[in-house]
Amino acid sequence: MSDLLHPTATDPRGLIFITSSAFADMDAWHATAAELRREAPILRVEADGWTPFWAVTRHADVFEVSRRSDVFWNTVRSAPGPDLTYDMLEALGIDPPRTLVHLHGEVHNKYRAVTNDWFKPAAVKHLQAAIDAIADEFADRLVELDGRCDLATDIAVPFTIRVIMSIFGVPERDERTMLELTQGLFGAADPEYLGDFTDPFDLITSNIKKFEAYFDQLTADRRAYPTDDLATVIANGEVDGAPLGDIERLWYYIIVATAGHDTTSYALSGGFEQLLRHPDQLAALQADPALAHPAAEEMIRWTSPVRSFFRWAQEDVELGGTTIAEGDVVLTSYPSANRDEAVFERPDEFDIHRPDADKLLSFGLGMHYCLGAQVARREVRTMLAKVLARVDTIELDGEPEWSGAHFVSGVKHLPVRYTLR
Ligand code: HEM
């Protein structure tokens with residue numbers, strides 16, 4: 001989307017954060033980000049069509065912005081995007097988004113509390129059996145696929161979407177609809193996901209309407225027939241003793257549906273890509289499945305599928321030696337923070353044995369810390385172990401392809417060939 005606007009900036013390096021195609025070449029992207037961490041770690045970016053912002057690239061500063069939620073607030077414009085996206089929604093009379101990432105303070109806490117228990121580590125532990133069963137089903141596809149497949153579209157994407165569906169408690173037959181809707185919302189900048197639409201704004205608005213129709217029906221059903229699934233929790237959720245408003249409930253469904261699978265599938269596909277490029281680490285994992293745990297952390301650090309969020313300063317504040325003025329916008333660059341040489345040893349080396357992977361900021365930090373982090377971690381390590389338990393050899397079968405999107409992106413096609421055990 002941002003590519004269409006031909007943005008200009010005071011320092012052209014600042015464009016890497018908002019130019020969709022820049023995320024399709026992550027080696028070049030990381031080289032520029034490393035330069036910025038050294039030379040301009042808090043960079044003022046002024047680009048046509050975008051509210052000017054400060055790009056924050058060092059680990060310590062992304063950490064500080066996330067921790068200081070008293071100063072750096074989430075707002076309706078938390079998801080980085082050109083102003084036109086928001087202006088269009090407003091012009092079309094569509095309410096601004098009200099998901100957890102768009103709310104702040106007490107209101108955010110109250111809304112987060114609706115599902116917080118559901119995502120606590122103890123509750124998520126109970127999902128393991130379901131995640132195992134779904135992972136087995138997709139890993140078994142390797143047998144049918146007969147030695148060659150696209151590990152992204154044949155396994156990672158459908159696996160992660162089915163886990164989210166099972167968490168919601170909605171039937172498998174609705175998966176295709178869900179995939180089209182979420183890729184339409186988050187992947188609209190990538191031509192592969194545009195389908196018949198030529199106008200990305202049209203795509204987004206029509207997708208929101210489809211989401212609405214779908215989830216209204218789900219809400220009615222779970223109110224009439226409550227179960228123990230997440231849809232029941234959201235459909236019957238209350239804030240201050242009253243049911244969630246229609247808009248708030250819809251956005252709640254949307255945040256879980258959208259945040260929950262693209263992100264995780266990119267962690268899997270991009271992480272697998274690295275394993276295939278490091279046969280020694282692949283062999284170590286095959287010899288010792290317990291390594292799936294640290295390997296999953298490294299895959300999530302390395303891929304960092306959520307590229308950034310915006311935060312809005314509520315007062316003048318010092319950040320890494322720069323004064324951020326009240327009203328200014330800062331962009332938290334998670335992929336850059338995850339490669340900060342001040343925190344990670346040899347940050348540009350993929351290493352499943354690294355002792356510092358737990359410093360990753362891929363899930364953010366503080367009051368907006370990823371609600372689904374424990375689910376995502378379980379998904380990545382489970383699928384990793386299941387695939388490796390089935391294959392004897394596995395290698396790249398062509399060049400991977402990357403999605404170009406500035407908000408959530410990663411490896412979208414990962415051709416592999418393999419032999420089974
Ligand atoms: C590897 C996979 C994932 C990554 C990299 C990721 C990353 C993130 C990031 C960076 C944030 C914002 C954190 C902040 O502002 O400090 C976030 C928030 C969120 N994520 Fe994830 N996520 C992943 C998977 C999931 C899954 C599987 C779910 C749901 C099942 C989920 C649900 C959410 C929700 C609901 C929020 C909003 C939390 C809030 O604002 O209070 N995410 N995620």
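The model is predicted.

**Arg390 and its partners**

- The side chain of Arg390 forms a salt bridge with the side chain of Asp140, with N and O 2.9 Å apart.
- This pair links distant parts of the chain, since Arg390 belongs to helix α16 while Asp140 sits in the loop between α6 and α7 (141-145), 250 residues apart.
- Asp140 has a relative accessibility of 37%, and it therefore counts as partly exposed, a class that lies between the limits of 20% for buried and 50% for exposed.
- Asp140 and Arg390 also belong to a network, in which salt bridges with shared partners join them to Asp132, Asp136 and Lys386.
- Between the side chains of Arg390 and Asp136 there is a polar contact of 2.9 Å.
- When neighbours within four places in sequence are left aside, the residues in contact with Arg390 are Asp136, Ala139, Asp140, Leu142, Leu420 and Arg421.

**Two further salt bridges**

- Glu137 and Arg162 form a salt bridge in which the closest N and O atoms are 2.4 Å apart.
- Because Glu137 lies in helix α6 (residues 128-139) and Arg162 in helix α8 (residues 151-168), this pair ties together parts that are 25 residues apart in sequence.
- The two partners can also be described by their accessibility: Arg162, at 10% relative accessibility, counts as buried, whereas Glu137, with a relative accessible area of 40%, is partly exposed.
- Another salt bridge joins the side chains of Arg354 and Asp356, with N and O 2.8 Å apart, and both of these residues are buried.

**Helix α8**

- Helix α8, in which Arg162 is found, has 18 residues and reaches 25 Å from its first C-alpha to its last, which is close to the 26 Å expected at 1.5 Å a residue.
- This helix is mostly covered, with 15 of its 18 residues buried.
- At the start of α8, a side-chain oxygen of Asp150 comes to within 2.9 Å of the backbone nitrogen of Ala152, and the residue that follows the helix is Gly169, whose phi is positive, near 90°.

**Helix α4**

- Helix α4 covers residues 105-116, which makes twelve residues, and its span from first to last C-alpha is 15 Å, close to the 16 Å expected at 1.5 Å a residue.
- The buried residues in α4 are Gly105, His108, Tyr111, Arg112, Val114 and Thr115.
- Seen down the axis of α4, these buried residues fall within an arc of 165°, so they line one face of the helix.
- As background, an α-helix has 3.6 residues a turn, so residues three or four places apart point the same way.
- Among the elements that cover the buried residues of α4 are α11 (230-235), β5 (238-239) and α12 (246-277).

**The iron atom of the ligand**

- Cys370 is the only protein donor of the iron atom of the ligand, and its SG atom lies at 2.3 Å.

Note on methods: Residues are numbered from 1 along each chain as its sequence is written. This is a predicted model: local features need pLDDT of at least 70, side-chain atom pairs count only at pLDDT 80 or more; totals for chains, interfaces and linings use all residues. Side-chain values use heavy atoms; hydrogens and water are left out. Helices (H or I, at least four residues) and strands (E, at least two) are DSSP runs, numbered from the N terminus. The expected span of a helix is 1.5 Å times one less than its number of residues. Buried means under 20% relative accessible area, exposed over 50%, partly exposed in between (1.4 Å probe, protein chains only). The arc is that of the directions from the helix axis to the C-beta atoms. Contact means heavy atoms within 4.5 Å. Donors are N, O and S atoms within 2.8 Å of the metal (3.2 Å for Na, K and Ca); water is not among the atoms, so sites may look incomplete. A salt bridge is a side-chain nitrogen of Lys or Arg within 4 Å of a carboxyl oxygen of Asp or Glu. A polar contact is a pair of N or O atoms within 3.5 Å; within protein, one must be able to donate a hydrogen and the other to accept it, and residues adjacent in sequence count only if both atoms are side-chain atoms.
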